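Please read this report alongside the sequence and the coordinates shown below.

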Amino acid sequence: MTSPAPETSAKALLAQLLRSGRQQSTYRTQEALAGAIGKERTTVGKNEQGDRVPALDVLGDTLTACGVTGLAETAIRGVWWLAKLTEEDAPVKIWFVGWVDAEGKAHTVRYWSPLLMPGIVQTPEYAYELFRATGRTHERAREEVDARTQRQGILDREDAPMVIIVLWEPVLFHQVGTAEVMRGQLARLLEISERPGVLVHVLPSAIGANAGLGGPVSLASVTGKPDVLLTSSMLEDVVTADVQQVRAASATFEVVRGVSANIMDTRRIISEAITAWENR
């Protein structure tokens, strides 16, 4: 079977870039690079042949060892993302690239979550437990956690977007992993809620049935472009810029936000939930 060409395969292009990066560095052989990053030669070989997409930490170690920085590093990491998202057995397919791109360029992102902590604020431990619960192997779960952590980098940028998160209160008590995992997750949420440009609201359980029980909603607003909507369900996730769907989702978001606790009350609710987990 003919191997995919770099012109049509992100995995093949990534392999070519990694091979060129090594050849232009001080590591003329795969063995030399493997020794520098603490891996087997076969690992470097498979990465450079396009047989696999390297784990994110291996990619980072490789780029650092080969002295790849600046725009070249950014470009290669972008190709890695595309290669990861289009792997044949990847749990997230090419359609998700549209959301990742919009989320990364947005000036405002909004998340409504009635079931689980939104991915943008998940701790590695919380995310790992979720991926394992959905059938990922340990290795795959670690790779997915690394990818999710990279997406969260938008929160630490100098030009970080305005982030608005609305959670249904049961999310704070829906156990994922151990009580320790939950304490760490809620502490992370509380810390993020205190950052400038981040607004976190909790919709109290006492409200009962609410307009957002149909499922989670994520909205990204990018300057000069239509808003992008990500909706999730057990069977299918959808990314769209359809005006009517975006408008309906935005209206739902504003309704649940409107009946949610204010910022200070939300922080109190989160703090009380942390205390409850500490007592378990």
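This is a predicted model: local features need pLDDT of at least 70, side-chain atom pairs count only at pLDDT 80 or more; totals for chains, interfaces and linings use all residues.

## The largest nonpolar core

The largest nonpolar core holds 38 residues, and those that touch the most other members are Tyr111, Met117, Ile165, Leu172, Leu186, Leu189 and Ile270. Both helices and strands contribute to this core: at least two residues each come from the helices H6 (97–105), H7 (124–133), H9 (179–193) and H11 (263–278), and likewise from the strands S1 (108–113), S2 (162–168), S3 (198–203) and S5 (228–231). The largest share is that of H9, which supplies seven residues. In soluble globular proteins, nonpolar side chains tend to be buried together.

Another core, of 23 residues, lies apart from the largest one, and its members include Leu33, Ala34, Val68 and Trp80.

## Helix packing around H3

Two packed helices are described by the angle between their axes and the distance between the axes. For helix H2 (residues 30–37) and helix H3 (residues 41–49), the axes come within 8 Å and cross at roughly 115°, and H2 is therefore roughly perpendicular to H3. The crossing in which H2 passes H3 is right-handed. On the H2 side the contact is made by Gln30, Glu31, Leu33, Ala34 and Ile37, while H3 contributes Arg41, Val44, Gly45 and Glu48. Sorted by class, the residues of this contact between H2 and H3 are four nonpolar, two polar and three charged.

Helix H1 (residues 10–23) also packs against H3, with axes that come within 6 Å and cross at roughly 125°, so that H1 is oblique to H3. Here Ala15, Leu18, Arg19 and Arg22 of H1 meet Asn47, Glu48 and Gln49 of H3. By class, the contact of H1 with H3 comprises two nonpolar, two polar and three charged residues.

Serine 218 belongs to strand S4 (residues 217–221). Is serine 218 buried or exposed? Its relative accessible area is 12%, and because this is under the 20% cut-off, serine 218 counts as buried. Leaving aside neighbours within four places in sequence, serine 218 is in contact with Trp99, Arg110, Tyr111, Val228, Leu229 and Leu230. One of these, Tyr111, is among the residues that touch the most other members of the largest nonpolar core.

Apart from neighbours within four places in sequence, histidine 174 is in contact with Leu115, Leu116 and Met182. From histidine 174 to serine 250 the separation is 76 residues in sequence and 26 Å in space, taken from C-alpha to C-alpha.

Aspartate 146 has its place in helix H8 (residues 138–151). Which residues does aspartate 146 touch, not counting residues up to four places away in sequence? They are Leu56 and Asp57. A distance of 9.6 Å separates the C-alpha atoms of aspartate 146 and tyrosine 128, which are 18 residues apart along the chain.

Notes
Residues are numbered from 1 along each chain as its sequence is written. Side-chain values use heavy atoms; hydrogens and water are left out. A nonpolar core is a set of buried Ala, Val, Leu, Ile, Met, Phe, Trp, Tyr and Cys residues joined through side-chain atoms within 4.5 Å. Buried means under 20% relative accessible area, exposed over 50%, partly exposed in between (1.4 Å probe, protein chains only). Helices (H or I, at least four residues) and strands (E, at least two) are DSSP runs, numbered from the N terminus. Axes are lines fitted to C-alpha atoms, for helices over the stretch in contact, and angles run from 0 to 180 degrees between N-to-C directions. Angles under 35 degrees count as roughly parallel, over 145 as roughly antiparallel, 65 to 115 as roughly perpendicular and the rest as oblique. A crossing is left-handed if the near helix is turned anticlockwise from the far one by less than a right angle, and right-handed if clockwise. Contact means heavy atoms within 4.5 Å. Ala, Val, Leu, Ile, Met, Phe, Trp, Tyr, Cys and Pro count as nonpolar, Asp, Glu, Lys and Arg as charged, and the others, Gly among them, as polar.
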